[in-house]
Amino acid sequence: MDYVIIVAGGKGLRMGGDIPKQFLPINGKPVLMRTIERFREYSPDLGIILVLPTTQQEYWRELCRKHGFQTPYTIADGGATRFHSVRNGLHLIPDAEQGVVGVHDGVRPFVSTAVIDRCYEAARRVGAVIPVTPVVETLRYVADGEAGRNVVRSDYRLVQTPQTFDIQLLKRAYTQEYTEAFTDDASVVEAVGVTVEMVEGNRENIKITTPFDITVATALAE
């Protein structure tokens, strides 16, 4: 069986408000509901695991009641870091389970089903996959105390989610002790010596973190 772990632990600080960004409405529907629905649209058989801080779970349940949201999912408690949150989600997948698991940001509601399919199918073949997009603007490297310098943008990619893996591989990777070098799931998997392949993402797959992103998301949802 295949799964997705949707991690939603934002506090909404960069939004300047009290409501965590994953709960903000986009054209009347909370961001997180849109994200979950996109994966259900990809596959009605996908096991959806939602990771939320315990302090936000009752508010989420209230939102579900208000919006009549009935898409099935299992909930896991958020951890101190994203690493610990993902590990908590992985614990809900049976130890002997075979298949593919994606890890996705709860505030990326516009990933296309084509990209989801591309990630899952590639992970079946190679075991570890991330979606990426090209860097389209000039990129400048800035070190402490230096004026900086431009770098060749074709040497770089922007990394998105879902980052998608063989279930047993990801479970093994997440038995490691946490370090600050683990900035995403790919870095956790690479730490056990596994190469992570890249597939094409979609530019609309933005991560909603600022008020400007809400403006863009409102346009994308129309």
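Reader: Before we start, what counts as a salt bridge here?
Author: A side-chain nitrogen of Lys or Arg within 4 Å of a carboxyl oxygen of Asp or Glu. This is a predicted model, where local features need pLDDT of at least 70 and side-chain atom pairs count only at pLDDT 80 or more, while totals for chains, interfaces and linings use all residues. Residues are numbered from 1 along each chain as its sequence is written, and side-chain values use heavy atoms, with hydrogens and water left out.

Reader: Ok, how many salt bridges does a search of the whole structure find?
Author: The search turns up 10 salt bridges.

Reader: Let's take Arg82. What does its side chain pair with?
Author: Arg82 meets Asp185 in a salt bridge, 3.2 Å from N to O. That pair links distant parts of the chain, 103 residues apart: Arg82 is in helix α3 (residues 82–90) and Asp185 in helix α6 (residues 185–190). Helices here are DSSP runs of H or I with at least four residues, strands are E runs of at least two, and both are numbered from the N terminus.

Reader: And Asp185, buried or exposed?
Author: Asp185 is buried, at 0% relative accessibility. Arg82 is partly exposed at 27%. The cut-offs are under 20% relative accessible area for buried, over 50% for exposed and partly exposed in between, with a 1.4 Å probe and protein chains only.

Reader: What about Arg124, which residue does it bridge to?
Author: Arg124 bridges to Glu121, with the closest N and O atoms 3.1 Å apart. They sit three residues apart in helix α4 (residues 113–126), so about one helical turn separates them. Arg124 is partly exposed, with a relative accessible area of 40%, and Glu121 is partly exposed too, at 32%. Elsewhere, salt bridges that share partners join Arg82, Asp105, Arg108 and Asp185 into one network.

Reader: Switching to α1. How many of its 12 residues are buried?
Author: Nine are, so α1 is largely enclosed by the rest of the structure. Among them are Val31, Leu32, Met33, Phe39 and Tyr42, and also the charged-side-chain residues Arg34 and Arg40.

Reader: What span should α1 have?
Author: Helix α1 (residues 31–42) should span 16 Å, and its end C-alpha atoms are 17 Å apart, which agrees. The expected span is 1.5 Å times one less than the number of residues.

Reader: Which residue does Arg38 form a salt bridge with?
Author: Glu41, with the closest N and O atoms 3.6 Å apart. Arg38 is partly exposed at 23% relative accessible area, while Glu41 is exposed at 55%.

Reader: And Ile116, where does that lie?
Author: Ile116 lies in helix α4 and is buried, at 0% relative accessibility. Setting aside neighbours within four places in sequence, Ile116 contacts Arg38, Phe39, Tyr42, Val111 and Pro162 (heavy atoms within 4.5 Å). The C-alpha atoms of Ile116 and Tyr42 are separated by 7.2 Å, though the two are 74 residues apart along the chain.

Reader: Last topic: what volume does the second largest pocket have?
Author: About 370 Å³. A pocket is an open set of points on a 1 Å grid over the protein atoms alone, where a 1.4 Å probe fits, with protein on both sides within 12 Å along at least five of seven lines. The volume is the space filled by probe spheres set on the points, which are joined across faces, edges and corners.

Reader: Which residues lie nearest its centre?
Author: Thr133, Val136, Leu158, Arg203 and Ile206, out of 15 lining residues (an atom within 4 Å of a point). β7 (128–134), β10 (157–159) and α7 (211–220) each supply at least two residues of that lining.
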